[in-house]
Amino acid sequence: MTEPLLVDRTDAVVTLTLNRPTAMNSLDVALKEALRDTLAELESDRGCRAVVLAGAGGSFCAGQDLREHVDTLQGGDGNPLDTVQAHYNPIAARLASLPKPVVAAVRGMAAGAGASLAFLADIRIGGPSTSFLMAFAKVGLAADTGASWTLPRLVGHAKAVELLMLAEPVRAEEACRLGLLNRMTDDDEQVLPTAQELAVRLAAGPTVAYGAIKRQLSVADAGTLADALAAEAQAQAICGATTDHRAATMAFVSKQRPVFEGR
């Protein structure tokens with residue numbers, strides 16, 4: 001049986017590949033459970049210092065597997081969207097709070113929950129064929145997998161309303177302009193290698209500081225200046241006690257290149 005999620009470890013970089021290419025990597029229960037559980041394992045995995053999220057074949061992820069969902073609807077389930085609580089919410093929470101950088105290699109279409117997954121990454125790399133589609137309203141649903149939180153922060157409230165309600169595709173160049181993509185390659189074949197190259201760079205960096213930066217920004221997005229200052233003080237206390245901070249400070253004074261160990 002083909003594994004729904006491929007896990008590749010190369011040194012400190014873990015690449016998670018959604019592996020249902022014949023279904024545009026749409027999210028069935030097996031794939032959602034594999035992604036949820038793997039992210040939970042990576043959270044405390046000290047050997048993992050950066051994560052790449054990718055899709056097999058020519059698409060990133062088409063979102064919920066609607067064929068599977070039709071079966072659920074026809075089965076008379078009293079709560080046909082319980083997958084939100086069981087799968088999508090835990091996945092979104094793990095991706096957003098993972099204490100190490102996440103890079104999304106967004107080749108081809110990212111639709112619905114697939115787009116939401118990409119938006120939860122810290123950095124998104126795309127190519128000429130990359131496009132995003134907030135497809136929820138097309139099937140009579142509101143946003144999930146954190147899109148109501150991430151999308152306004154990326155494009156602003158008014159644009160988020162437009163993208164969610166009109167459900168029109170956003171092509172690669174427009175996605176770059178809006179901030180849905182951080183970088184764009186000239187060739188689709190370079191999307192994954194570029195994302196992995198960036199992940200290698202991040203994996204060689206101050207992992208504890210990266211995790212603290214993610215927590216700081218999360219607090220600042222939703223809180224007051226006082227909340228942000230408190231989060232900064234807490235983050236600096238944690239980072240200041242790390243081996244990486246001490247070694248990098250000494251390296252700077254000695255005009256040497258720092259070597260970060262992620263601790």
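Which helix holds Leu66? Let's find out, and then visit a few other residues in this predicted model.

Leu66 has its place in helix α2, which covers residues 66–74. This leucine is partly exposed, and its relative accessible area is 44%. Together with Val139 and Leu141, Leu66 makes a nonpolar surface patch of about 240 Å².

## A buried charge

Now look for Asp144 in the loop that runs between β7 (131–133) and α5 (147–155). Asp144 is buried, yet this residue has no salt bridge. Its nearest side chain of opposite charge belongs to Lys32, 8.3 Å away. A salt bridge needs the charged atoms to be within 4 Å.

What is Asp144 in contact with, leaving aside its neighbours within four places in sequence? The answer is Val84, Tyr88, Ala113, Ser116 and Phe136.

## Two cysteines apart

A disulfide is a covalent bond that links the sulfur atoms of two cysteines. How many disulfides are counted here? The count is zero. Cys48 is in no disulfide, and the nearest cysteine sulfur, in Cys239, lies 18 Å away.

For a disulfide to be counted, the sulfur atoms must be within 2.5 Å.

Are these cysteines buried or exposed? Cys48 is buried, with a relative accessible area of 1%. Cys239 counts as buried too, at 12% relative accessibility.

Notes: Residues are numbered from 1 along each chain as its sequence is written. This is a predicted model: local features need pLDDT of at least 70, side-chain atom pairs count only at pLDDT 80 or more; totals for chains, interfaces and linings use all residues. Side-chain values use heavy atoms; hydrogens and water are left out. Helices (H or I, at least four residues) and strands (E, at least two) are DSSP runs, numbered from the N terminus. Buried means under 20% relative accessible area, exposed over 50%, partly exposed in between (1.4 Å probe, protein chains only). Lys and Arg count as positive and Asp and Glu as negative; His and the chain ends are not counted. Contact means heavy atoms within 4.5 Å. Patches are made of residues with over 30% relative accessible area and no salt bridge: like charges are joined within 9 Å, nonpolar side chains (Val, Leu, Ile, Met, Phe, Trp, Tyr) within 5 Å. Accessible areas come from the Shrake-Rupley method with a 1.4 Å probe; for residues, only the protein chains shown count as cover.
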